[in-house]
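Please consult both while going through the points below.

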Amino acid sequence: MPLFFGGWLNWLSGPQSTFDVAGPVAKSQLDVFYVTLWVTGIIFVIVASVLTYATLKYKARNAADEHAPTPPQGHGNPLVELSLIAASVLALVFIAVPTLKAIWYNYDVPAAEKQTALEITSTAYQWWFKFEYPSEQIDGAGPLVTANELVIPAGRAISINLRTVDVIHSFWVPKLAGKVDMIPNRGNHLWLKADKPGYFWGQCAEYCGEDHAVMRFRVIALDAKDYAAWLAHQKAPARSVTADDGKPGATYTAYTYTNPGRNAPGYTAAFDADPLGSWFKWQKPEADEDPVLIAKGRKLFQEKTCIGCHAVRGQEGVGVSGPDLTHIGSRTTIAAGLLENSKFNLHRWLTDPNGVKPGNKMWTTGYNSDGKTVFRIDDEEARALVAYLHSLK
Amino acid sequence: MEATAHAASAGTEAHAAAPKRSWLFTRPTAKTGIVSWLTTVDHKKIGMLYGISALFFFLVGGFEALLIRIQLAVPNNTFISHQTYNEMFTMHATTMIFLAVMPLSAAFFNYIMPLQIGARDVAFPRLNGFAFWVFLAGAIILNIGWFVKSGAPDAGWFGYAPLTSKAYSDQFAGDMSTDLWIMGLQILGVSSVIGSLNFIVTIINMRAPGMTMMRLPVFTWMTLFTAFLIILSFPAITIALVELMMDRSFSSNFFEAAAGGLPILWQHLFWIFGHPEVYILILPAMGIISEILPTFSRKPLFGYPIIVFSGATIGFLGFGVWSHHMFTTGMGTMATAAFSLMTMAIAVPTGVKIFNWIGTLWGGHLQMRTPMMFALGFVWMFMFGGFSGIMHSAAPADAQQQDSYFVVAHFHYVLIGGSVFGLLAGIHYWFPLIFGRKVSEFWGKLSFWLIFIGFNVTFFPMHFLGLNGMPRRTAVYDGNMGWNDANLVSTIGAFILAIGIVVYFAVMIRTYFKGEKVKIDPWDARTLEWSLPTPPPEHNYDVLPTVHARDAYWYEKTHREEIAKEHAEHAKAEASHGGIHMPSQSWFPLFAAIGLLIGAIFFVNHMFEWAIGGAAIFVLGVYFWAAEGPGGYHVHLDGDDHHDGEKH
Amino acid sequence: MSTHAATDAIDHHHDHTTSTGIPNKKLFMWAFLASDCMFFGTLISTHLIYRLHQTPNSPDPKKLFSIDLTLFATFVLLVSSLLVALAVNASQKGATKSVRRLLLGTIVFGLTFLSCQVFEYGNFLHEGLTLSSSMFGTTFYTLTGTHGCHVAIGVFWLTLMYIRTFKPADERPWVLRSLGHLVVFAAVAVSCIITLVSAAHAIEEHGFTAAVLAHAGQHNIVTIAIALVGLGLLNWIGRTSKAVDFGEANAIDIESLGLYWHFIDIVWIVIFTVVYLLEFL
């Protein structure tokens, strides 16, 4: 039995735990939850004891009890009834007061932090998230845009505008803040703050169609210095590697690929052990990259019409209906937070998008746009595309 | 149309002999066999039809739930596809709410309520039959999807716009799964509203002499409140569905964002219906519990007026809390605060009921029969569900819980631990009355414990899943989220629960054929229906009872001489009126409902000309229904039914 | 409920066979109207919510509406309510002939209202307002259309009740005859609406002159012929009826119908205020 109860505590420590909070908004929500837990817990103990006592004491135990004369036929006691009503109302006041306080606190960035708050616009698509930084304008290209991984400065209030281009979605990073929905024709917003640098899991929390289960994202909080460096790098155009740059890395394509099948996990224990550390590693170009292969991949990226939906700022990609890929190589995940951004996983995503995320828009409007013929990327092409996309650090 | 005398105008004499009638209006008279069921106007038979259909769909919905639990047993599972999973949770919810719990409640309303108020039928017997056939038509339409290319509806039981609009729910040309869902729910709404209007009139107008409102059994009170909730809340969803149907079929703009449509409006309309719906599901079960606890405690319900008024308060406040389903839609601080407080307020009348049930037990002689076990299980589980409900009422806490498995745990505690336990208790309780046989205590209790344990093992871990950040309606999850153990435990629990349900029904079926026979009033119960022989005769009461107190039958049992004298007098009076008047059976409720079904199926397929044909059959059915008149015949207690056609 | 109901004087305000004394049908109708209030409440709210929000391509309702026409239609519906009240009164006195005349009057006024609505829709469609052209079109047509359906159902019910007053007292087969009666009635009603609306459109366009009327008459010669023949048939059926099975006992049916008719009248007044008049504030 103790083992069983101990197990329950382990059940509350996942990467999306609402108990292991990392910011003031999630904290205030947890505090309200504890208040409700205490109040209802105390009422439960009292009511349950009385119920148990009544059941055990008045239970018929034998044939004699069964056939005993009927008990007094009392119809109730108004005094008892009314005082119990009063007591319940009183108990609810204990919940109501902190609830009201937290409603106002959670609604918007506190006045004192308004000046320093960072504004971000998050737009949901079926089934991924776009993030824009309106305060970070790039000449001729509008605001800085990224996808599925939101990078924020720790210790600073973040005010997020929530938009959607299609159906209703919901923005939820449990460790930082409760969810707020993204609804068409409705300008919602939420605010959050990460106390310390960290790597946080988020997920769409409103049913939004076939791939709702795999519409995920990450929030990465960095200290001020790292954030500034990241920002400078992101605002730069895509990194360009041409066939003449350096010598080919022979080892680069030395991975074997076999399709692991539908819903196969796309995460590794090594990454989970230190996700933020892994994120930093992802920011630097790979040592063994193969410039020839990268150039081939860049060409394929045009030939396979990827550029129609995906932007690669400073290069050929101009589309806006899919995630911006200018710095895709520096993101830790692909396919909306579903797979870690490894060569193997990117290869899998490029060659079998429908197996990874059934019915996703890259599949329905790109690979299989007429519903009959399927546009294929073979093993060799996939390796070149992986090399190109991973070079976009 | 039926209740008023169809008397001749002044000057024409009443007809002594059975008149010549056109073949069209020859009333069916079969008392057994298929025709008797298809044409029945007997509230008990209609109740049985509701019950059997509801239990069938309960098993269908349960099967869907098991597929869901198998898929979630382990992370990254490939048992069913995302698409199929989405169909499963959509249809599981729709089926359990509209095709299982609501009709099972309707079965009790039909069978038990008229008996409890000492009536011989409902106010409009043919309309009652019509409500059932329309229900069946709606159920068929909702489930057609499984058998056609479109697939079953997959937009969630809440159907949030704009996921249901043409742009997002039309994966291929002619995908009608969402149209089926819209049409099915509209037709079920028609059935529910018609049925409820009938119950309202019946309870208000057909009570036996002396059965004042404050002497009504609590189950009858809850029937009345539920009926009012239905007639006042279903219009909201019906109009929302009409608007959606207009969008999908006639290109209007209600929820089209590009034309300025507000998808949030759908949520408001849906939950203005959806929250009262929660009470539509739970109040009947509370009524059943309020019958069972006094019977097996062998004392009257504690605080009857408070139980009744708290039921009314719940019903009333139920219309003012809908937006607590929308705490995460960015309503703004004032609205969120107001709905938070209203939601807390509704916990008070609910808590009051629990206090009064405990008060009923206090000082009683508790007989731990199977119905009592289920009733106590209800009190415990409903308490759990109530407490997690209070947690949701605190909007900031709800921001984390909304659309997570915590909510799934909460409403299953209320709907299974509450509604379903109450209804299963009711089946056990009234089984001897309806079938004249009693379930073995051993097997009954075994099924109770299997269901109770299985239920808790399934749903208790879900609280943890939700607080650990697992969102609802997700077909797969990764193994690194800390959700694996709880999900596996939950799936194991689901199978224990399933075994419990199988045992429950197997025992019921065996009891139906081979159970121990019982005599009148096997539980020593308190309300009027137990004064009837088992099974009750078609006309229910040989002599309409006169009610002298709350717990009317208990009074009869303690004042036998007085009652016997009274009965003899009333029997004589009734005989002088020509015997017991009963309504005639009719084909036309079924006829009209079939027209509705045909019209609806063609409409869903956008074959509007043919749909008009279906509508014409419906109108013709109603026309014949009106033209044939209420009819009626007299039952004489010597066993000789005298059919005298339309006039009497 | 029992045979002596016909011989005893009927108390129209109490039904001694029910617990409350209110006849079941009346109670049913009241409960149904409570439910129907919610239907219209939802539709009217939808319209208002969208009027309070900016939606693209919204026409200016002030320019669109012809308030004179709507005022006339409202008046017509109010008068029909008066007529149905008189019909209830007459039926309680067992004056079947007068019930018939008053029901016919109510039907004519109801049909006039529907004609106004069809005429108005024609004008709006001409202006380019459709169900899908803008949110205003969507909510306007759905709300007024739903009300129009209620009126049409009411007219249908009035017609059935009118035909019911011809049910023969003897046991002659009547159902098929009544269906025929209904078909003729429907043909007359539809023909009249088509003729009137098309004539009104012509007059609106070309002015009220003899030439225009003659042209409109020529144009609608078929519908006019159907209407005239139908009216003749109706008159014939009315004259040839003998003793009928319709009397005071049926007053409750007329009363339920009357409740329904008053209700859709009240709903119209709300719609007229909220959808039309509020735009002019």
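Which residue in strand 10 of chain A is the bridge partner of A:Gly198? The partner is A:Ala221. The model is a predicted one, and the predictor assigns the complex an ipTM of 0.95 together with a pTM of 0.94.

**Confidence and chain contacts**

- The average pLDDT of chain C is 89, and 95% of the residues in this chain score at least 70.
- Residues 1-8 of chain C have a pLDDT below 50, and this stretch makes 12 contacts in the model beyond near neighbours in sequence.
- Two pairs of chains touch, and the pair with the most contacts is that of chains A and B.
- Chain A and chain C share no contact; their closest C-alpha atoms are 11 Å apart.

**The sheet with order 3-2-1-5-8 in chain A**

- Five strands of chain A make up an open sheet in the order 3-2-1-5-8, and the pairing within this sheet is mixed.
- Strand 3 (142-147) and strand 8 (188-192) of chain A are the edge strands, each of which pairs on one side only.
- On average, neighbouring strands of this sheet are turned by 30 degrees against each other, with direction ignored.
- Strand 1 of chain A, which spans residues 118-125, is mostly covered, as seven of its eight residues are buried.
- Strand 1 of chain A runs parallel to strand 5 (residues 158-164) of chain A, and seven bridges join the two.
- Strand 1 of chain A also pairs with strand 2 (residues 128-138) of chain A, here in the antiparallel sense and over five bridges.
- In general, the strands of a sheet pair through backbone hydrogen bonds, in either a parallel or an antiparallel manner.
- A:Thr123 has a bridge partner in strand 5 of chain A, namely A:Arg163, and another in strand 2 of chain A, namely A:Lys130.
- A:Thr121 stands opposite A:Glu132, a residue of strand 2 of chain A.

- Strand 1 and strand 2 of chain A form a hairpin, with two residues between the strands.
- A:Trp127 is located in the loop between strand 1 and strand 2 of chain A.
- The peptide bond that joins A:Gln126 and A:Trp127 is cis, with omega at about 0 degrees.

**The sheet with order 4-10-9-6-7 in chain A**

- Another open sheet of chain A has five strands in the order 4-10-9-6-7, with mixed pairing.
- Its edge strands are strand 4 (149-153) and strand 7 (177-182) of chain A, and each of them pairs on one side only.
- Neighbouring strands of this sheet are turned by 20 degrees against each other on average, direction ignored.
- Six bridges link strand 9 (residues 198-204) of chain A to strand 10 (residues 216-222) of chain A, and the two pair in the antiparallel sense.

**A helix pair in chain B**

- Helix 6 (residues 218-250) and helix 7 (residues 263-297) of chain B pack at an angle of about 160 degrees, and their axes are 8 Å apart.
- Because angles over 145 degrees count as roughly antiparallel, helix 6 of chain B and helix 7 of chain B are roughly antiparallel to each other.
- The crossing of helix 6 and helix 7 of chain B is left-handed.

**Backbone features of loops in chain B**

- A cis peptide bond leads from B:Ala161 to B:Pro162, with omega near 0 degrees.
- B:Pro162 belongs to the loop between helix 4 (125-144) and helix 5 (177-205) of chain B.
- B:Asp521 is a residue other than glycine with a positive phi, near 55 degrees.
- B:Asp521 is placed in the loop between strand 2 (516-517) and helix 15 (552-558) of chain B.
- B:Asp524, which is not a glycine, likewise has a positive phi of about 55 degrees, and B:Asp524 lies in the loop between strand 2 and helix 15 of chain B.
- Is B:Asp521 buried or exposed? B:Asp521 counts as buried because its relative accessibility is 13%, under the 20% limit.
- B:Asp524 has a relative accessibility of 25% and therefore counts as partly exposed.

How values were computed
Residues numbered from 1 in each chain as written. Chains lettered and ligands numbered in written order. Predicted model: local features only at pLDDT ≥ 70, side-chain atom pairs only at ≥ 80, totals over all residues. Heavy atoms only, no water. pLDDT = per-residue confidence, 0-100. Contact = heavy atoms within 4.5 Å. Buried < 20%, exposed > 50% of the residue type's maximum accessible area, 1.4 Å probe, protein only. Helix = DSSP H or I, 4+ residues; strand = E, 2+ residues; numbered from the N terminus. Pairing = 2+ DSSP bridges. Axes fitted to C-alpha atoms, helices over the stretch in contact; angles between N-to-C directions. Parallel < 35°, antiparallel > 145°, perpendicular 65-115°, else oblique. Left-handed = near helix turned anticlockwise from the far one by under 90°.
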